Amino acid sequence: METIYFDNNATTPIDDQVFDILVSTLQLGLKNPASQHALGRQSRKQLEIARRQVEGLLGGNQQGSDEDAIVFTSGGTEANNFALQGICASFPQRGRLIISGIEHPSVTIAAEVLEKDGWDLKVVNTLSSGKIDLDHLDSLFNDDTRLVSVMLANNETGVIQPITDVVAQCKNHGALIHTDAVQAVGKMSVNFQQLGVDALSLSAHKIHGPVGVGALLIKNGCPITPVLHGGFQQNGLRPGTEACPLPIAFSKAIELYLHHQDANISRLLDLRLRLENGVLGLFPAAVVVGQESPRLPQTICISFPRVDRQALMMALDVAGVCCSTGSACASGSSETSPVLIAMGLPEEVIEGAIRFSLSIFNTPAEVDSVVEILSEILPLLSE
Ligand code: PLP
């Protein structure tokens, strides 16, 4: 049985060219880039080329004394933790921290840890469209608001957030703004300078790069304190021996993906619309979550009211289709999605929602197969 992989927001398959770069860079046996000998200097050179490439492709400022910084991390989770903890730790006094109610757990839980440490945490309401409530956000600022964290686009619904308005509000109120762009990069235009945010999180394995590497882009002048200690690497911001092959492969993944960004977006959108139209044609009662909002081209969260999402996902799995029911919890089953709850959707919509997430390596034939498989299993699962 052929497996159809529609869970690309969880992780994407590595691109062959990126894989080759990763392997050849490993074989090259790059040495510790902090070493002073010729081999160390050679590794440093390659690492810094990768750093500038990732930063440049995402619109970081590379000019003289205004240069933005990019710190490589182990992925999006670490980048988000570093942004929240590192920026908050740079203030001599605790203050207010605002996040949205639909953030990835690596933002939500990091914020809750800061709350336990005395930060005044506020969570912005979400509209049923999947976008954050800008009026509510505006009402949450006070004189002590230090940092706001709102993602660029949501991993479960794909809904793109009104980040330009969020940035404008933050500037008005003198607060810093971090955005999690992990799912957005390559699926929409992402330019750090144009966005005007102070920090932006990235992850390689969502765009056909290797797992285990990500980055935080940090605007020149944005205060941030290291959360790890014991080394001088990456200007002391993220100490530890740098794993050269991973950032180098990451930079190749971004280069390849962004080089074909428009074609990739249009391919993903065609696939998503084919899937949405196919499913809605068969099951008119199905609900596409966030349908009225601008959404990422690769993500479709669709609900089949009165169908148990866990049973549906398992039946799809047996039929060879990989998808997701929201965030997995430790037991391996799925908790009710905090994102869909935050949107205030009816319980039957929340309970019947699954996520398909596509990649440029998926095909129209795979979409048609999934629609057909659904046509066979859904009648068996409907109450
Ligand atoms: N942020 C978002 C929006 C995500 O979807 C994910 C992963 O699914 C992460 C952060 C975490 O990234 P990583 O898996 O690289 O730690």
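This is a predicted model: local features need pLDDT of at least 70, side-chain atom pairs count only at pLDDT 80 or more; totals for chains, interfaces and linings use all residues.
Let's start with strand 10, residues 299-303. Strand 10 pairs with strand 12 in the antiparallel sense, over 5 bridges.

Next, strand 7. This one's mostly covered: 5 of its 5 residues are buried. Ala199, Ser201 and Ser203 point one way, Leu200 and Leu202 point the other way, and all are buried. What about its partners? With strand 6, residues 176-180, strand 7 pairs in the parallel sense over 3 bridges, and there His178 has Ala199 of strand 7 as its bridge partner. With strand 8, strand 7 pairs in the antiparallel sense over 5 bridges. An example there is Ser201, whose bridge partner in strand 8 is Leu216.

Strands 7 and 8 come up again with helix 8, residues 245-259. The buried residues of helix 8 pack against both of those strands, and also against helix 1, helix 2, strand 2 and helix 9. How many of the 15 residues in helix 8 are buried? It's 12, so to speak a mostly covered helix. Among the buried ones are Pro245, Pro247, Phe250, Lys252 and Tyr257. At 1.5 Å a residue, the 15 residues of helix 8 should span 21 Å, and the end C-alpha atoms are 21 Å apart, which agrees.

On to how helices meet. Two packed helices are described by the angle between their axes and the distance between the axes. For helix 8 and helix 9, that angle is about 70 degrees, with the axes 5 Å apart. That makes helix 8 roughly perpendicular to helix 9. Where they meet, you'll find Tyr257, Leu258 and His259 in helix 8 and Gln261, Asn264 and Leu268 in helix 9.

Here's another pair: helix 10, residues 309-318, and helix 13, residues 364-381. They pack at an angle of about 140 degrees, with their axes 10 Å apart. That makes helix 10 oblique to helix 13; the cut-off for roughly antiparallel is over 145. Who makes the contact? From helix 10 it's Ala311, Leu312, Ala315 and Leu316, and from helix 13 it's Ile373, Leu374, Ile377, Leu378 and Leu381. And the crossing of helix 10 and helix 13 is right-handed.

Last stop, a loop residue. Thr126 sits in the loop between strand 4, at 120-124, and helix 5, at 134-140. Is Thr126 buried or exposed? At 12% relative accessibility it counts as buried, since buried means under 20%. Leaving out residues up to four places away in sequence, Thr126 touches Gly101, Ile102, Lys131, Ile132, Asp133, Ala342 and Met343.

How values were computed: Residues are numbered from 1 along each chain as its sequence is written. Side-chain values use heavy atoms; hydrogens and water are left out. Two strands pair if DSSP finds at least two bridges between them. Helices (H or I, at least four residues) and strands (E, at least two) are DSSP runs, numbered from the N terminus. The expected span of a helix is 1.5 Å times one less than its number of residues. Buried means under 20% relative accessible area, exposed over 50%, partly exposed in between (1.4 Å probe, protein chains only). Contact means heavy atoms within 4.5 Å. Axes are lines fitted to C-alpha atoms, for helices over the stretch in contact, and angles run from 0 to 180 degrees between N-to-C directions. Angles under 35 degrees count as roughly parallel, over 145 as roughly antiparallel, 65 to 115 as roughly perpendicular and the rest as oblique. A crossing is left-handed if the near helix is turned anticlockwise from the far one by less than a right angle, and right-handed if clockwise.
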